[in-house]
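I am keeping this notebook while I look through one protein, entry by entry.

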Amino acid sequence: MNKKRVIQFSVLVFVAAVFFFLAKGMNAVDIVEVGDQAYNFELEDLDGNIHKLSDYEGKFVVVNFFATWCAPCVEEAPELEKYQQQYGNEAPLLIIDRGEPKKRVQDFKVKANSTSTFLLDRDDKISKTFNVVGQPETLIIDPNGIIREKIIGPTTAEDLKAIIATLKMNGF
């Protein structure tokens, strides 16, 4: 290669690298983990109402990531309903559906006879922000908005109650 070709090739590689890093940066999601301030999401429920995480400031909040086609999620649903009935006023439960059509989630809620609040993460952005890689996954967020616990896989009403009670005893 002559000198001119080397310079052209180097410039091309440099421009491609810059483009790649800029494009990657535009799609990057800031990830929040246990111990971090929870991302203040804003999602629509099945009735078209908007819910922000900050609406629940001052209370523990249980955030469950869910999909109707997920067998462990379906098996977990009665436990979440039990939690909602027994403890939902004290520590609200928000179930975030991962990218499914609203009608499918509505049908599931009716079939499950659920009174829980289902929110629609249409583009899976909130799930990605909370580094949810499967479902079900459940977060427990303290009254100051800090993520205190992440449960991977199904959970029970009693486990959620016990975790929140322990967090309260530890001053959270």
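**Entry 1: terms and ground rules.** Before I looked at the sheet, I noted that two strands pair if DSSP finds at least two bridges between them. I also noted that helices (H or I, at least four residues) and strands (E, at least two) are DSSP runs, numbered from the N terminus. The model is predicted, so I kept in mind that local features need pLDDT of at least 70 and side-chain atom pairs count only at pLDDT 80 or more, whereas totals for chains, interfaces and linings use all residues. Residues are numbered from 1 along each chain as its sequence is written, and side-chain values use heavy atoms, with hydrogens and water left out.

**Entry 2: the sheet.** I looked up strand 1 (residues 42-45) and found that it pairs with strand 2 in the antiparallel sense over three bridges. Within this pairing, L43 stands opposite H51 of strand 2. I then widened the view to the whole protein, which has five helices and seven strands, and read its pattern along the sequence as α-β-β-β-α-β-α-β-α-β-β-α.

In what order do the seven strands of the open sheet stand? I read the order as 2-1-5-4-3-6-7, with mixed pairing. Strand 2 (50-52) and strand 7 (147-152) stand at the edges and have a single partner strand each, so one side of each is left without a neighbour in the sheet. On average, neighbouring strands of this sheet are turned by 30° against each other, with direction ignored; for such angles the axes are lines fitted to C-alpha atoms, for helices over the stretch in contact, and angles run from 0 to 180 degrees between N-to-C directions.

**Entry 3: K52.** I stayed with strand 2, where K52 has its place. K52 has a relative accessible area of 34%, so it is partly exposed. From C-alpha to C-alpha, K52 and Y39 are 9.8 Å apart in space, and they are 13 residues apart in sequence. Over the protein, buried residues make up 42% of the 172 residues.

**Entry 4: aromatic rings.** A pair of aromatic rings is described by the distance of the centres and the angle of the planes. Rings of Phe, Tyr and Trp (its six-membered ring) pair if their centres lie within 6.5 Å, and planes under 30 degrees apart count as stacked, over 60 as edge-to-face and the rest as tilted. I found six aromatic pairs in the structure. The ring centres of F65 and F130 are 6.0 Å apart and their planes stand at 45°, so this pair is tilted. The pair links distant parts of the chain, since F65 is in strand 3 (residues 61-66) and F130 is in the loop between helix 4 (125-129) and strand 6 (137-141), 65 residues apart. F65 and F130 are both buried, and ring pairs link F41, F65 and F130 into a cluster.

I next looked up F108 and F118, an edge-to-face pair with 6.4 Å from centre to centre and 65° between the planes. F108 is in helix 3 (residues 102-111) and F118 in strand 5 (residues 117-121), 10 residues apart. F108 counts as buried because its relative accessibility is 13%, and F118 is buried with a relative accessible area of 3%.

**Entry 5: the cavity.** On a 1 Å grid over the protein atoms alone, a cavity is a set of points where a 1.4 Å probe fits but cannot get out, and lining residues have an atom within 4 Å of a point. Grid points are joined across faces, edges and corners, and a volume is the space filled by probe spheres set on the points. I found one cavity of 30 Å³ or more, and the largest cavity has a volume of about 50 Å³. Its lining includes F108 and F118, and the largest share, three residues, comes from helix 2 (residues 71-87).

Entry 6: Which residues does a cis peptide bond join? I found it between Q135 and P136, with omega about -5°, and P136 is in the loop between helix 4 and strand 6. N113 is not a glycine, yet it has a positive phi of about 55°; N113 lies in the loop between helix 3 and strand 5 and counts as exposed at 64% relative accessibility.

Conventions:
On a 1 Å grid over the protein atoms alone, a cavity is a set of points where a 1.4 Å probe fits but cannot get out, and a pocket is an open set with protein on both sides within 12 Å along at least five of seven lines; lining residues have an atom within 4 Å of a point. Buried means under 20% relative accessible area, exposed over 50%, partly exposed in between (1.4 Å probe, protein chains only).
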